[in-house]
Amino acid sequence: MTTTPNLSKATDFIWRTARLLEQRRFAYLFLDGQRQAVLEALRPYQNPDSGFGNGLEPDIRGPVSQPVPGWTALCILDEAGTFADPLVTRVCDYLLTITTPEGGVPFVLLSVRDYPHAPWWETRDQPPASLNPTAAIAALLHKHRVEHPWLTAATEYCWRKLDQMERTDPYEMRAVLPFLDFVSDRQRAENVFARVGPKILEQKLVALTPTTQNETHTPLNFAPRPQSLARRLFSDEVIETHLDALASAQQEDGGWQFNWLAWNPASALEWRGVMTTEAVVTLRAYGRLA
């Protein structure tokens, strides 16, 4: 017997505890809400420089624009089917201003130091380009066939880094896999995936058996959709086991919990709204939503 989430309880949790953005996202995705309402909730997170900040990434509590919140904004536009909005071009224009000579954007900019932030949001005095989030951002632009000067250089950077990849980490792989899912050169993507995809298993980046251990990454983190390239790495039995575990992880209050350090009460509550939305999205993608 398969396990399904309780959508009614999840909805109640979102209305009671989530920030407005997740309420609008959840309403659009599951309650016949309006996509324009999602856009209206997202726009206040954008800055005059066209980047995103202002707590869109819950663990960066300052107003300044950062690369990862820009990726988050694009994910929300993709989710809401509003990628034609001019906001996308503005984000790309902002990315040009923070791109390093390597062709990619850093994981985090120095301005993060000026405001409260989680301890893992740190960088060198001269932040280098990083596949996370460059590859993840490029993935969405390729998915929607966006044409912009930033994407050309970023794509070249991603291919170059992937050709050199030996050791990696879960978050880098979670940025790389969508790039390989959507980049236009499909033959090259398949060839690269055949080489780097198995690193998830070889380097033990994934917990094949469900666990409550902190900071683990499941097969569903790497293959959030059945169509993901990474889905090929896992057996049907493993995927079904993790879908059962994900559905069963719904808390009594209707929401889902995250499995990394809770360093700040406000961001912890915001993350639960994000995780609840994403859990139900993944379960629906795999046919687990009744």
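Arg-145 counts as exposed, at 59% relative accessibility (exposed means over 50% relative accessible area, buried under 20%, partly exposed in between, with a 1.4 Å probe and protein chains only). Arg-145 also has a positive phi of about 55°, although it is not a glycine. This is a predicted model: local features need pLDDT of at least 70, side-chain atom pairs count only at pLDDT 80 or more, and totals for chains, interfaces and linings use all residues. Residues are numbered from 1 along each chain as its sequence is written, and side-chain values use heavy atoms, with hydrogens and water left out.

**Backbone features**

- Arg-145 sits in the loop between helix 6 and helix 7 (helices are DSSP runs of H or I with at least four residues, numbered from the N terminus).
- Ser-50 has a positive phi too, of about 80°, and is not a glycine.
- The loop between helix 3 and helix 4 holds Ser-50.
- Ser-50 is buried, with a relative accessible area of 12%.
- A cis peptide bond runs from Asn-132 to Pro-133, with omega near 20°.
- Pro-133 belongs to helix 6.

- Asn-47 is found in the loop between helix 3 and helix 4.
- Asn-47 is buried, at 13% relative accessible area.
- Not counting residues up to four places away in sequence, Asn-47 touches Phe-52, Gly-53, Asn-54, Pro-63, Val-64, Ser-65 and Arg-90 (contact means heavy atoms within 4.5 Å).

**Nonpolar cores**

- In soluble globular proteins, nonpolar side chains tend to be buried together.
- The largest nonpolar core has 76 residues (a core is a set of buried Ala, Val, Leu, Ile, Met, Phe, Trp, Tyr and Cys residues joined through side-chain atoms within 4.5 Å).
- The residues with the most contacts inside this core are Leu-74, Leu-141, Trp-150, Phe-179, Leu-180, Ile-200 and Phe-222.
- Leaving aside neighbours within four places in sequence, Phe-179 is in contact with Ala-135, Ala-138, Ala-139, His-142, Thr-155, Cys-158, Trp-159 and Leu-162.
- Another core, of 6 residues, lies apart from the largest one; among its members are Ile-60, Val-108, Val-112 and Trp-121.

**Packing of helix 7 and helix 9**

- Helix 7 (residues 149–164) packs against helix 9 (residues 186–196) at an angle of about 35°, with the axes 10 Å apart (axes are lines fitted to C-alpha atoms, for helices over the stretch in contact, and angles run from 0 to 180 degrees between N-to-C directions).
- The crossing of helix 7 and helix 9 is left-handed (the near helix is turned anticlockwise from the far one by less than a right angle).
- Helix 7 contributes Trp-159, Leu-162 and Asp-163, which meet Arg-188, Ala-189, Val-192, Arg-195 and Val-196 in helix 9.
- The residues of this contact divide into 5 nonpolar, no polar and 3 charged (Ala, Val, Leu, Ile, Met, Phe, Trp, Tyr, Cys and Pro count as nonpolar, Asp, Glu, Lys and Arg as charged, and the others, Gly among them, as polar).

**Salt bridges**

- Side chains of opposite charge can pair when their charged atoms come close.
- The structure holds 17 salt bridges (a side-chain nitrogen of Lys or Arg within 4 Å of a carboxyl oxygen of Asp or Glu).
- Arg-43 and Asp-85 meet in a salt bridge, with 2.9 Å from N to O. Arg-43 lies in the loop between helix 3 (35–42) and helix 4 (67–79), and Asp-85 in the loop between helix 4 and helix 5 (87–98), so the pair ties together parts 42 residues apart in sequence.
- Arg-43 is partly exposed, at 35% relative accessibility, whereas Asp-85 is buried, at 14%.
- Asp-125 forms a salt bridge with Arg-113, the closest N and O atoms being 3.0 Å apart. Both lie in the loop between helix 5 and helix 6 (131–143), so the pair ties together parts 12 residues apart in sequence.
- Asp-125 is exposed, at 58% relative accessibility, and Arg-113 is partly exposed, at 39%.
- Asp-244 pairs with Arg-288 in a salt bridge, the closest N and O atoms being 2.8 Å apart. Asp-244 is in helix 12 (residues 236–248) and Arg-288 in the segment after helix 13 (265–285), so the pair ties together parts 44 residues apart in sequence.
- Asp-244 is partly exposed, at 23% relative accessibility, whereas Arg-288 is buried, at 4%.
- A network of salt bridges links Arg-19, Glu-22, Arg-25, Arg-61, Glu-79 and Glu-270.

Notes: Helices (H or I, at least four residues) and strands (E, at least two) are DSSP runs, numbered from the N terminus.
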